[in-house]
Amino acid sequence: LPQALQLGTALVGSPTQDGVVSILTTAEGADEPRMVRFPVPTPGSPLSPGQPRWANYVKGVIQHYRAGPLPGFNAVIASDVPLGGGLSSSASLEVATYTFLQQLCPDDGDLKAKALTCQKAEHTFAGMPCGIMDQFISVMGKEGHALLIDCRSLETVLVPLSDASLAVLITNSNVRHTLTGSEYPSRRRQCEEAAAALGKASLRDATVAELEGGSGAGAAASAALARHVLGEIERTARAAQALQARDYRTFGKLMVESHNSLRDDYEVSCPELDELVAAALEVDGVYGSRMTGGGFGGCTVTLLEAGAAERAQQHIKAKYSGTATFYITKPSDGAKVLPL
């Protein structure tokens, strides 16, 4: 149940006649070199991942792009999405790249296929077996709405989140994680193993009763991971209903339950994120708070009364042992073309 932020990645450029792609990134925190040049891929000469890492997201989208032939091009990337902060910086770059390629060589305009291609780029070129949420919200985000995503059927439902009395506060712990070398792939694998042990194609098909009653889930660690997934599926459905009903107290309570489960069962939080959530929850006017992204650093997201935003920032700043960065945001549109 994500929302698109007012942060973003812009890719500006123009086609060339030489069949060469030349891209410069100005994104803070991107690895060196900041400029890459490579030939446009052909069936006999595909692109492959390498160094620098940031370029793999761009290369993967170019390689898997759903129309052609692409010309060479010169482009510059600018982004204010913090890298490694759990705010979908990689999906933002992938979707910006795809949107740019659509201007050079239009595809059929299928939004789901666009998001899936960007996910494929991340799987194959960045080595990250991510889900579909980040790419879907980057493509399909709509101002004033959250997006409820069924990750199996790929059906989406826009959920209104436009109450002027609300604010969404993003707090960056400024503790940075790199997903590829982290626990995300192992968590995913363990969840798949837990599902198989229960005789299910996916944990989506399992119930808490089956998990608790079956010996099949194996190790306690796998059972705890599976318990988080089953709980989170239920919490997400209830959160969407609460949002529809403008029941922000229930929504906030579910956010906290989600964070506690990510901390205790899924074990992807860290002391800094726990500190930020605890500090936020001490502020009058805060409905709920939780970590966001892959964990082990990055950001928290807090739903609160708009009038409490400044107070919350001051309190969190005073209580947090590190140095936090704050973004007050509201649900925004996904990718779009900005004509020059």
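User: How much area is buried between domain 2 and domain 3, and what share do carbon and sulfur atoms give?

Analyst: About 1300 Å² is buried between domain 2 and domain 3, with 70% of it from carbon and sulfur atoms. Buried area is the accessible area (1.4 Å probe) that two parts lose on being put together, summed over both. In domain 2, the residues that lose the most area to domain 3 are Tyr287, Arg290 and Phe296, together 39% of what that side buries. This is a predicted model: local features need pLDDT of at least 70, side-chain atom pairs need 80 or more, and totals for chains, interfaces and linings use all residues. Numbering runs from 1 along each chain as its sequence is written, and side-chain values use heavy atoms, without hydrogens or water.

User: Why is Thr171 called buried?

Analyst: Thr171 has 1% relative accessibility, so it counts as buried. The cut-offs are under 20% relative accessible area for buried, over 50% for exposed, and partly exposed in between (1.4 Å probe, protein chains only). Thr171 lies in strand S7. Leaving out residues up to four places away in sequence, its contacts include Leu276, Cys299, Ile316 and Phe326.

User: What makes strand S9 largely enclosed?

Analyst: Six of the seven residues of S9 (residues 299–305) are buried, so the rest of the structure largely encloses this strand. Helices (H or I, at least four residues) and strands (E, at least two) are DSSP runs, numbered from the N terminus.

User: How do you know that S7 and S9 pair?

Analyst: Two strands pair if DSSP finds at least two bridges between them. S7 (residues 166–172) and S9 are joined by seven bridges, so they pair, and they run antiparallel.

User: What is found between S8 and S9?

Analyst: The hairpin of S8 and S9 has six residues between the strands, and Gly293 takes a positive phi near 90 degrees. Phe296 lies in the loop between S8 and S9. Phe296 is not a glycine, yet its phi is positive, about 55 degrees. At 27% relative accessibility, Phe296 is partly exposed.

User: How do you know that Glu282 and His315 make a polar contact?

Analyst: The side chains of Glu282 and His315 make a polar contact at 2.6 Å. The term needs a pair of N or O atoms within 3.5 Å; within protein, one must be able to donate a hydrogen and the other to accept it, and residues adjacent in sequence count only if both atoms are side-chain atoms. Glu282 sits in the loop between helix H9 (271–281) and S8. With a relative accessible area of 47%, Glu282 is partly exposed.

User: Which peptide bonds are cis?

Analyst: Among them are Glu32 to Pro33, with omega near -5 degrees, and Gly68 to Pro69, with omega about 0 degrees. Pro33 is in the loop between strand S2 (20–25) and strand S3 (35–39). Pro69 is in the loop between helix H1 (53–64) and strand S4 (72–79).

Technical notes. Contact means heavy atoms within 4.5 Å.
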